[in-house]
Structures are given as C-alpha cells and as structure tokens.
Amino acid sequence: MRRLAAPLILAVVWAVVTGSASPANLLLGLLLAILCLGVTRQHRGRGTVAVRPVALLLLGLVFLRELALSAWSVAIAVLRPRLDIRPAMVAFPLRLKRDFEIALLANCITLTPGTLSVDVSEDRRFLHVHALDCRDPQDLCRSIAETFERRIMEAFP
C-alpha cells in the first residue's frame, strides 16, 4: 500500500501544479511519478536522513522571504534609469558535507533572483556563486551562511 501512496500523492501534486485534474493529466502525472520514483530508487537505502519538520518548514519560509526580497532588489536595480550593478563571482566556503545538502543550498541560491550557483569545488569545500550586484563578497557569504546554510543544517541534522 505504501508503494502506491507516493505515486498517487505526486500525481495529485502534478494536477495541482498544472491546474488540470482531467483523467489524462492525472494519468500523465502518475506515469511521471512512477518514472521519477524508479529513477531515484537507486539512491534509497544508502542511509536514512533525519529531518526536523519544523526546521524544514522554517527553511521554506526563509526561502520565500529571501525570494521576495531579492526579487524586489533585482526589480529596483533593473528599473533604475542608470544600471548601477557590480557583478561578482564569490567562493562561498561550505560547512555542509552531504551531497543532497549542497545541492539543496545550490538550488536555493539559484532560485533566488540575482544569484546563481555556478560550481562546487572538487574538494567540496567551496560553492562558486555569481551575484548580479555584490558590493561586499563577505557580506554575501555571511548572508548565505546565516539564511540558507544554517537552516539546512538545522533541518537535516
């Protein structure tokens, strides 16, 4: 029964995201869910990951706040008559060790307007981030560490 629950839940999520609950769309969502779960099956069983649900919810709220603030900042920068930005590449020192945590951090950064995760160093000690407007690289690193990285570490102890 548990094997059926995940694909059905993902199919319903698919219908909500696409805005259509037609039988054909639900079937497509179910097929995509089965395909995605089949592809990720190889990664299951490699050790469980502890999750703190409240901390994960706080991470989501922090992401939404940062999304809104950075979208506003980028909009203001673009709408100014004179474009006054200072793009920069910054090597962010990682405290995260697990691949999924680093990937989650990279995605949070990339999904936030004005920043883009470019690469992870070979030794996985640095995440290279491009910022559209970076007046102070240390401030950018501090901001990422205090918002996303700290919340990820709290959500996945």
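This is a predicted model: local features need pLDDT of at least 70, side-chain atom pairs count only at pLDDT 80 or more; totals for chains, interfaces and linings use all residues.
Residues are numbered from 1 along each chain as its sequence is written, and side-chain values use heavy atoms, with hydrogens and water left out.

**Entry: overall build.** I found that the C-alpha atoms fill a box of roughly 55 × 40 × 30 Å along the principal axes. Buried residues (under 20% relative accessible area, with a 1.4 Å probe and protein chains only) make up 27% of the 157 residues. The protein has five helices and three strands, where helices are DSSP runs of H or I with at least four residues and strands are runs of E with at least two, numbered from the N terminus. I read their order from the N terminus as α-α-α-β-α-β-β-α.

**Entry: H3 and H5.** I then looked up helix H3 (residues 53-79) and helix H5 (residues 137-155), which pack at an angle of about 165° with their axes 8 Å apart. Axes are lines fitted to C-alpha atoms, for helices over the stretch in contact, and angles run from 0 to 180 degrees between N-to-C directions. H3 and H5 are therefore roughly antiparallel, a word used for angles over 145 degrees. In contact (heavy atoms within 4.5 Å), residues of H3 including Leu59, Val62 and Phe63 meet residues of H5, among them Phe148, Arg151 and Ile152. By class, I noted nine nonpolar, one polar and four charged residues in the contact of H3 with H5.

**Entry: H4 and H5.** At what angle do H4 and H5 pack? I found about 140° for helix H4 (residues 99-111) and H5, with their axes 10 Å apart. That makes H4 oblique to H5. The contact is made by Glu101, Leu104, Leu105, Cys108 and Ile109 of H4 with Ile144, Phe148, Glu149 and Ile152 of H5. I recorded that these residues divide into seven nonpolar, no polar and two charged.

How values were computed: Angles under 35 degrees count as roughly parallel, over 145 as roughly antiparallel, 65 to 115 as roughly perpendicular and the rest as oblique. Ala, Val, Leu, Ile, Met, Phe, Trp, Tyr, Cys and Pro count as nonpolar, Asp, Glu, Lys and Arg as charged, and the others, Gly among them, as polar. Buried means under 20% relative accessible area, exposed over 50%, partly exposed in between (1.4 Å probe, protein chains only).
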